[in-house]
Amino acid sequence: DMLNTINICKFNIGSGAIGIVTNSLYEPLNHAAHRTLYGKSVTEFAHVKRLFLDSYCRLTAMKLFGLRATDYMRCASKDDKRYLLFNPIMKMKVAIQGEVVHEMLWDIIAAKGFEKDNYFNQAVMDLRGFPKLEGTRHVNMALIVKLIPSYMFNPGEFPEIPKMNGAQNDDYLFQQGPTRGYAKTQFHDFRKTYATKNLPNIEIFKEQIKAYEEYLMVSGMELKDQMMNAFDYLLCVGEIFTLVAYGQLIIESAAIEDIDDDLLDQIFDFMVRDFSQFGLELYGNGISTKPQQDACLKMIKRPVVDNEKFERVLKEHVYSLIDTYEMNP
């Protein structure tokens, strides 16, 4: 029971990162909006727009995933252990994304981020600590990759899980019993979730997933040896797999939380870019075979360029937060 309690608390590593980055967002926004350089507001610089929109989309993705992952934790039973994938993703992926977002915001707030009375400065140490707790990336990725075959190629049938924010007891989480058969844990078919949306960047993301499936198929049993002998290889294979599950829960959560299509598609703009980045890294790894390299090249895609949507999401979702919150000194 104590071990299960610890694992549930570790889920809050990701939740803590979400809270810290959310609070950190307002200071750079207010600072940039009231600072003028070269005759115009800092918020009008192209690179600042990109940093703000990218950081906001990544933060929103963190929140959406966390909300839906919580549902799967609360619905867990001896016949439904899907949380065994979503829990380590929450601890690893979301925590690391918190660092990524904070670095983007730091590029905007710059030297002011070092001032001792800022919340931004206080957030640095906490955010840097989260991904390092119990070797978050390496420990959790070793668990995540064990579930690739089951998730990708052996889906099961499960009832639809609603938003679970009621006052029901979560008894199972404290009485999980033995964990044998971990790698055989089944999941609902992720393809059905992706089929519910046909937004431009999600369509590109689906093509990347097909390329990843091809990569897994041509790799066969050789992939197991590659990952055992080179942990950097395992990390990269796992990061791509994590993106597939991450995107699935983002889409599910976006429907529940009524997120508009503009914002959802903009979220998948960075998802496509991240997928391409890991695909290129895998392609360049010295132990990738020629068939694997060919499949990796198919993962490298460019998100759809839509400047009107970019400006719309930036104005409606990000810059609308300017001067809406300021911490007491």
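A disulfide is a pair of cysteine sulfur atoms within 2.5 Å. The views below come from a predicted model, where local features need pLDDT of at least 70, side-chain atom pairs count only at pLDDT 80 or more, and totals for chains, interfaces and linings use all residues. Residues are numbered from 1 along each chain as its sequence is written, and side-chain values use heavy atoms, with hydrogens and water left out.

**View 1. Cysteines without a disulfide.** The structure holds zero disulfides. The sulfur of Cys236 lies 7.6 Å from the closest cysteine sulfur, in Cys296, which is too far for a bond. Cys236 is buried at 2% relative accessibility (buried means under 20% relative accessible area, with a 1.4 Å probe and protein chains only). Cys57 is buried too, with a relative accessible area of 1%.

**View 2. The largest nonpolar core, around Tyr215.** A nonpolar core is a set of buried Ala, Val, Leu, Ile, Met, Phe, Trp, Tyr and Cys residues joined through side-chain atoms within 4.5 Å. The largest one has 108 residues. Tyr212 and Tyr215 have the most contacts inside it. Contact means heavy atoms within 4.5 Å. Leaving aside residues up to four places away in sequence, Tyr215 touches Leu223, Tyr233, Val237, Leu282, Gln292, Ala295, Cys296 and Met299.

**View 3. Helices α11 and α13 cross.** Helix α11 spans residues 261-284 and helix α13 residues 307-318. Their axes come within 10 Å and cross at roughly 115°. That makes α11 roughly perpendicular to α13 (65 to 115 degrees). On the α11 side, Asp262, Leu263, Asp265 and Gln266 meet Lys309, Phe310, Arg312, Val313 and His317 of α13.

Methods. Buried < 20%, exposed > 50% of the residue type's maximum accessible area, 1.4 Å probe, protein only. Axes fitted to C-alpha atoms, helices over the stretch in contact; angles between N-to-C directions. Helix = DSSP H or I, 4+ residues; strand = E, 2+ residues; numbered from the N terminus. Parallel < 35°, antiparallel > 145°, perpendicular 65-115°, else oblique.
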